[in-house]
Amino acid sequence: MFRKEIFWIGLIALLLLAGGGYAYYRTVYLPGQEMAEPTITTAQVSQGDLVVSVSGSGTVVPASEIDLGFQSEGYLDQVLVEVGDHVQEDDVLARMETGELEMDVAEAEIDARLAQLDLDDAREMPTDAELADASAAVQNAQSALLVAQYTYSTTLNSDYDSAVRARSIEYQWYVDQSWEADEKQEEGTISQKDYEDSWDDRAAAEGRLGEVLQEAEMEELDSWNDVDQAQNNVYQTWENLQILQSGPSTDTIMRAELDADQATLALEEARSDLETAELRAPIAGTVVEVTAMAGEYVDTSPFITLADLEEPVLQFWVEESEMSGVAAGNRVKIIFEALPDDTFTGEVIRVDPALVTVDGTLAVQAWASVDAASHAATLLGGMNADVEIISAEARDALLVPIQALRELGPDQYAVFVVQPDGELVLRPVQVGLQDYVNAEILSGLELGETVSTGVEEETETSVPSQQEMMPGGPGGMPPMFGG
């Protein structure tokens, strides 16, 4: 019985406390709170320039760089430039020793002149006097042939015939004597000495006959050679006359022309070798490297490097995420580390089709022209620079803060326009360029109009109440059951 009384007493006390708390919340706590009123932020439609760009870094490289050397080997006589020298096109940079080359040119000039004279002779038409002389030469050759033929015919009937006959008779007699000696030797009626003398006499007679025959043959041969030579002379003089009468032959002229062309080509090559002994600048530029000096033997390898720094090119890189902002034709602004007070301009001339790795990061590599003439400063290869690539821009455009835009859908926007009475009206607008701060308004707003950029929420404040002073804190209720 006693426990039931305690239970009901506790329940009644709990209900009383709950009712008191609710009454406090409605009558004391809630009236003490002040709800913060939202504050609308605004901005006016302004007019100005909007530039969309990406940033990168780059290095100056020459527009063109040429490695130069001689076309032949030899000893360097002079090196006329040093690193840093600026040269004009066709300036002499170095020379080789030229003694032998000059002699080759002189010999080639003589050969070419002689070949040209031969060609002139081949093309020249014969004169009447030359034709008359050639005709007379034919007649003289024919007369000489007749004389040679007569001499040959008389030679066959000359005294040599009687001498040959006499020596033949003599030889035959000694032959008969040698045969008789053979018979007597067999019979034993002749001494050995007489036998041998008989055969010696026969041999001597044979020798005398041979000499006469040889002399007769030589005389006949000489006479026949005279006839043959006279006949050839007739043929030659007749051919010469025919050539003169028909004029220069095509073959003769072609051979002479070929010889003249070959001699001219050899002369040009000799002169070219002499000219290439002088190394000249093919373009105007700056000498950036020299690797040989006078007195050294050089081959055809380059030893002078010439760079065109009058129209340098900027090789630059931007992060892969910003590649959409880099395209050929985009304007660029360039500030070099060595020239921080000068801003150079140019434009993108090429974007490489593949990404490259720069400091371990993938990047877009591109190339831009540099208007170096706009500043007096000299640009050197390898200079580092910061570059701003302007991907799009709008001049004298209507601008609103980017926070004023309310996106209705893909490429569809609206803004809240603040009316004179403070009312907000939602108005569709056409948006152009955007950066991280402003947006270009193409239509839908007028200059000077006010738009909402959002709501600035103030922090809540409260009026101190008695409950806040009560033990137990802002809740206002001490722990039930003593905690």
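The model is predicted, and the chain averages a pLDDT of 81. Its secondary structure comes to seven helices and 23 strands. Of the 483 residues in the chain, 28% are buried.

**Confidence**

- A pLDDT of at least 70 is reached by 84% of the residues.
- Confidence is highest in strand E13 (residues 331–336), at a mean of 95, and lowest in helix H7 (residues 466–469), at 42.
- The pLDDT is below 50 over residues 459–483, a stretch that has 20 contacts in the model beyond near neighbours in sequence.
- Where pLDDT is low, the predicted coordinates should not be read in detail.

**Overall contacts and surface**

- Among contacts in the chain with a separation of 6 or more, 76% are between residues 24 or more positions apart.
- The accessible surface of the chain is about 31,200 Å².
- Carbon and sulfur atoms account for 52% of that surface.

**Nonpolar cores**

- The largest nonpolar core contains 22 residues.
- Leu314, Phe316, Ile334, Phe336, Leu379 and Ile389 have the most contacts inside this core.
- At least two residues of the core come from each of strand E3 (46–61), strand E12 (313–319), E13, strand E14 (339–351), strand E16 (361–369) and strand E17 (384–401).
- Phe316 has contacts that lie beyond four places in sequence, including Ser57, Gly58, Val326 and Val348.
- The contacts of Phe316 also include Val364, Gln365, Ala366, Trp367 and Ala368, as well as Val387 and Ile389.
- A second, separate core has 17 residues, among them Met96, Leu279, Val287 and Phe303.

**Strand E16 and its partners**

- E16 pairs with E12 in the antiparallel sense over seven bridges; within this pairing, Val318 has Val364 in E16 as its bridge partner.
- E14 and E16 also run antiparallel and are joined by three bridges, with Val351 standing opposite Ala366 in E16.
- Strand E15 (residues 356–358) is joined to E16 by three bridges, and the two run antiparallel.
- The bridge partner of Thr357 in E16 is Leu362.
- E15 and E16 form a hairpin with two residues between the strands, where Asp359 takes a positive phi near 50°.

- Strand E18 (residues 406–409) and strand E19 (residues 412–418) run antiparallel and are joined by three bridges.
- Gly409 has Gln412 in E19 as its bridge partner.
- This hairpin has two residues between its strands, and Asp411 takes a positive phi near 60°.

**A four-strand open sheet**

- Four strands form an open sheet in the order E8-E7-E5-E10, with antiparallel pairing.
- Strand E8 (278–280) and strand E10 (297–298) are at the edges and have a single partner strand each, so one side of each has no neighbour in the sheet.
- Strand E5 (residues 74–79) and E10 are joined by two bridges and run antiparallel.
- Tyr75 stands opposite Tyr297 in E10.

**Gly48 in strand E3**

- Gly48 is part of strand E3.
- Gly48 counts as buried because its relative accessibility is 16%, under the 20% cut-off.
- Gly48 and Asp396 are 348 residues apart in sequence, yet their C-alpha atoms are 4.6 Å apart in space.
- Leaving out residues up to four places away in sequence, Gly48 touches Ala394, Arg395, Asp396, Ala397 and Leu399.

**Helix H6**

- Helix H6 (residues 250–275) has 26 residues.
- From its first C-alpha to its last, H6 reaches 37 Å, close to the 38 Å expected at 1.5 Å a residue.
- The buried residues of H6 are Ile253, Ala256, Ala260, Ala263, Leu267 and Ala270.
- An α-helix has 3.6 residues a turn, so residues three or four places apart point the same way.
- The buried residues of H6 pack against helix H2 (99–123).

How values were computed: Residues are numbered from 1 along each chain as its sequence is written. This is a predicted model: local features need pLDDT of at least 70, side-chain atom pairs count only at pLDDT 80 or more; totals for chains, interfaces and linings use all residues. Side-chain values use heavy atoms; hydrogens and water are left out. The expected span of a helix is 1.5 Å times one less than its number of residues. Buried means under 20% relative accessible area, exposed over 50%, partly exposed in between (1.4 Å probe, protein chains only). Contact means heavy atoms within 4.5 Å. pLDDT is the predictor's confidence in each residue, from 0 to 100. A nonpolar core is a set of buried Ala, Val, Leu, Ile, Met, Phe, Trp, Tyr and Cys residues joined through side-chain atoms within 4.5 Å. Two strands pair if DSSP finds at least two bridges between them. Accessible areas come from the Shrake-Rupley method with a 1.4 Å probe; for residues, only the protein chains shown count as cover.
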